[in-house]
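Please read the following briefing alongside the sequence and the 3D structure. It moves from the overall architecture to individual side-chain pairs.

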Amino acid sequence: MDDADPDAQVMLKVAAGDRQAFAWLFDRYHASVARFAFRFVGNRARAEELTQDIFVKLYRNARAYQPTARFKTFLFRVATHHCLNEVRRGEYRAPHMPAHGLGGDDPDVVELEGPQGDRPDTALEGRELEQVVGAALADMSARERAAFTMCRFEGMAYRDIAEALEASESAVKSLIHRATLAVARRLEGPQAGTMPARSRA
């Protein structure tokens, strides 16, 4: 475990029965988990249900928590398992959704975050890019979508994504490479393949 990970220490307090510590972790990570779930199911209500389920599972199994990895990695491993199970059930299929969950009047799109104070033309370009990335996400395999989302939107390192997916780092790099190519193909422009990553291992 990374001894400098304060969230893991908070989770240990949850394991000891501290409900305020759990509330703190919920507030800190709720939006990230909700965005992650939304990219799997593309439905606001179901994404919120999945998010609640994930945190309930986290709380109920808190006593068994072992800080062998960063807390965020552990949380996203739980979230990934839960979302992959949802996809395997086949009830929901991710539609073409904006990458950041901005949906305007669409009731099935999560309003989680968005650009603040952008010029109208910049905002439009950003929105078009979100639509393109969202369409690419919908066409990816569930594991590619999970790896790409954790890398590009959550800023997680390859080694942490590998732990969350219970895969090797080379497998994660392959998943992200294929996902990035899928996005680049959607972009179909000279800028294809140059989308900046928030984090690399």
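Predicted model: local features only at pLDDT ≥ 70, side-chain atom pairs only at ≥ 80, totals over all residues.

Residues are numbered from 1 along each chain as its sequence is written, and side-chain values use heavy atoms, with hydrogens and water left out. The protein chain has 8 helices and 0 strands, where helices (H or I, at least four residues) and strands (E, at least two) are DSSP runs numbered from the N terminus.

**Overall architecture**

- Along the sequence the elements of the protein chain follow the pattern α-α-α-α-α-α-α-α.
- Of the 201 residues in the protein chain, 47% are buried; buried stands for under 20% relative accessible area, exposed for over 50% and partly exposed for what lies in between, with a 1.4 Å probe and protein chains only.
- Among contacts (heavy atoms within 4.5 Å) that join residues at least 6 apart in sequence, 68% are between residues at least 24 apart.

**Helix α1 and its surroundings**

- In helix α1, which spans residues 6-15, the buried residues are Asp 7, Ala 8, Val 10, Met 11 and Val 14.
- Viewed down the axis of α1, these buried residues fall within an arc of 155°, so they line one face of the helix; the arc is that of the directions from the helix axis to the C-beta atoms.
- An α-helix has 3.6 residues a turn, so residues three or four places apart point the same way.
- The cover over the buried residues of α1 includes α2, α3 (44-60) and α4.
- The N-terminal end of α1 is capped by Asp 5, which has a side-chain oxygen 3.1 Å from the backbone nitrogen of Asp 7.
- Following α1 comes Gly 17, whose phi is positive, near 100°.

**Aromatic side chains**

- The structure holds 9 aromatic pairs, a pair being rings of Phe, Tyr and Trp (its six-membered ring) with centres within 6.5 Å, counted as stacked when the planes are under 30 degrees apart, as edge-to-face when over 60 and as tilted for the rest.
- In the pair of Phe 36 and Phe 76, the ring centres are 5.2 Å apart and the planes stand at 80°, so the arrangement is edge-to-face.
- This pair links distant parts of the chain, with Phe 36 in helix α2 (residues 19-41) and Phe 76 in helix α4 (residues 71-89), 40 residues apart.
- Both Phe 36 and Phe 76 are buried.
- One aromatic cluster is formed by Phe 22, Phe 26, Phe 55 and Tyr 59.
- The charged end of Arg 39 sits over the ring of Phe 153, 4.1 Å from its centre, where a charge sits over a ring if NZ of Lys or CZ of Arg is within 6 Å of the ring centre and within 35 degrees of the ring normal.
- Arg 145 lies over the face of Phe 40, 5.5 Å from the ring centre.

**Salt bridges**

- The structure holds 8 salt bridges, each defined by a side-chain nitrogen of Lys or Arg within 4 Å of a carboxyl oxygen of Asp or Glu.
- Asp 160 and Arg 70 form a salt bridge whose closest N and O atoms are 3.3 Å apart.
- Asp 160 lies in helix α7 (residues 158-165) and Arg 70 in the loop between α3 and α4, so this pair ties together parts that are 90 residues apart in sequence.
- Asp 160 counts as buried at 7% relative accessibility, whereas Arg 70, at 33%, counts as partly exposed.
- Lys 72 forms a salt bridge with Glu 154, with the closest N and O atoms 3.8 Å apart.
- That pair links distant parts of the chain, Lys 72 being in helix α4 and Glu 154 in the loop between α6 (142-153) and α7, 82 residues apart.
- Both Lys 72 and Glu 154 are buried, and a network of salt bridges links Arg 35, Lys 72 and Glu 154.
- Asp 139 and Arg 186 meet through their side chains in a salt bridge of 2.2 Å, N to O.
- Asp 139 lies in helix α5 (residues 120-139) and Arg 186 in helix α8 (residues 169-187), so the pair ties together parts that are 47 residues apart in sequence.
- Asp 139 is partly exposed with a relative accessible area of 46%, and Arg 186 is partly exposed with 35%.

**Glu 144**

- Glu 144 has its place in helix α6 and, at 13% relative accessibility, counts as buried.
- Not counting residues up to four places away in sequence, Glu 144 touches Leu 175, Arg 178 and Ala 179.

Notes
Polar contact = N/O pair within 3.5 Å; in protein donor to acceptor, adjacent residues only side chain to side chain.
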